[in-house]
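Hello,

Here is the structure I said I would pass on. My notes on it follow below.

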Amino acid sequence: MRRVITLTVQNSSGVLNRITGMLSKRGFNIESITVGASESEGISKMTIVVDMLNDKCAEQLTKQLHKQIDVLKVDDITESKIVARELALIKVGTNNTSRAEIQSIIEPFRARVLDVSKNSLIIEVTGKPDKVDALIELLTPYGLKDLSRTGVTAFRRGQQKHIQDLKTLSV
């Protein structure tokens with residue numbers, strides 16, 4: 001089962017290494033991880049996507065993450081209504097005849113061409129991971145020369161309560 005977990009952490013040296021090391025030691029495979037500055041100085045946000053066997057593993061993981069130094073908040077947002085996005089840069093082989101075809105393929109995805117050269121195009125696409133996957137699949141027959149994906153970044157929509165907050169309110 002795929003889980004999306006967000007972390008709020010101190011922006012200090014070694015935080016990412018400690019968290020990925022802990023996940024590795026416990027046998028969790030990280031499908032994607034993104035880290036970046038937040039709205040508060042000295043604080044970063046992480047989004048981790050991991051594949052787990054069951055909900056008990058997810059609960060154990062969140063408990064272990066809470067114990068990490070520099071982790072301020074852990075939130076498993078898998079069951080929530082979320083906004084999740086990924087960015088991909090795709091370099092595709094082209095010639096004079098395929099450029100127009102590729103342009104018509106990427107248009108419905110709201111992707112855009114960032115660079116044009118004699119034998120290739122670099123395309124940028126953002127969206128849900130399945131949208132990125134679908135575009136990559138459609139471009140593959142043209143010859144993928146290079147591909148780079150950021151991984152998923154996500155958070156809850158609107159004013160949803162955190163599950164932990166709801167558990168505390170019901171006690």
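The largest nonpolar core has 17 residues, and Ile5, Leu7, Ile19, Leu61 and Leu65 touch the most other members. A nonpolar core here is a set of buried Ala, Val, Leu, Ile, Met, Phe, Trp, Tyr and Cys residues joined through side-chain atoms within 4.5 Å; buried means under 20% relative accessible area (1.4 Å probe, protein chains only). Two or more residues of this core come from each of strand E1 (2–10), helix H1 (15–25), strand E3 (43–51), helix H2 (55–67) and strand E4 (71–76). H1 gives the most, with four residues. Apart from this core lies another, of 15 residues, including Ile90, Leu135, Ile136 and Leu139.

This is a predicted model: local features need pLDDT of at least 70, side-chain atom pairs count only at pLDDT 80 or more, and totals for chains, interfaces and linings use all residues. Residues are numbered from 1 along each chain as its sequence is written, and side-chain values use heavy atoms, with hydrogens and water left out.

Leaving aside neighbours within four places in sequence, Leu7 is in contact (heavy atoms within 4.5 Å) with Ile19, Ser44, Lys45, Met46, Ile48, Leu65, Val71, Lys73 and Val74.

As for the whole chain, there are five helices and nine strands (DSSP runs numbered from the N terminus: H or I of at least four residues, E of at least two). From the N terminus their order is β-α-β-β-α-β-β-α-β-β-α-β-β-α. Of the 171 residues, 37% are buried. Among contacts with a separation of 6 or more, 71% join residues 24 or more positions apart.

Regards

Methods. Buried means under 20% relative accessible area, exposed over 50%, partly exposed in between (1.4 Å probe, protein chains only).
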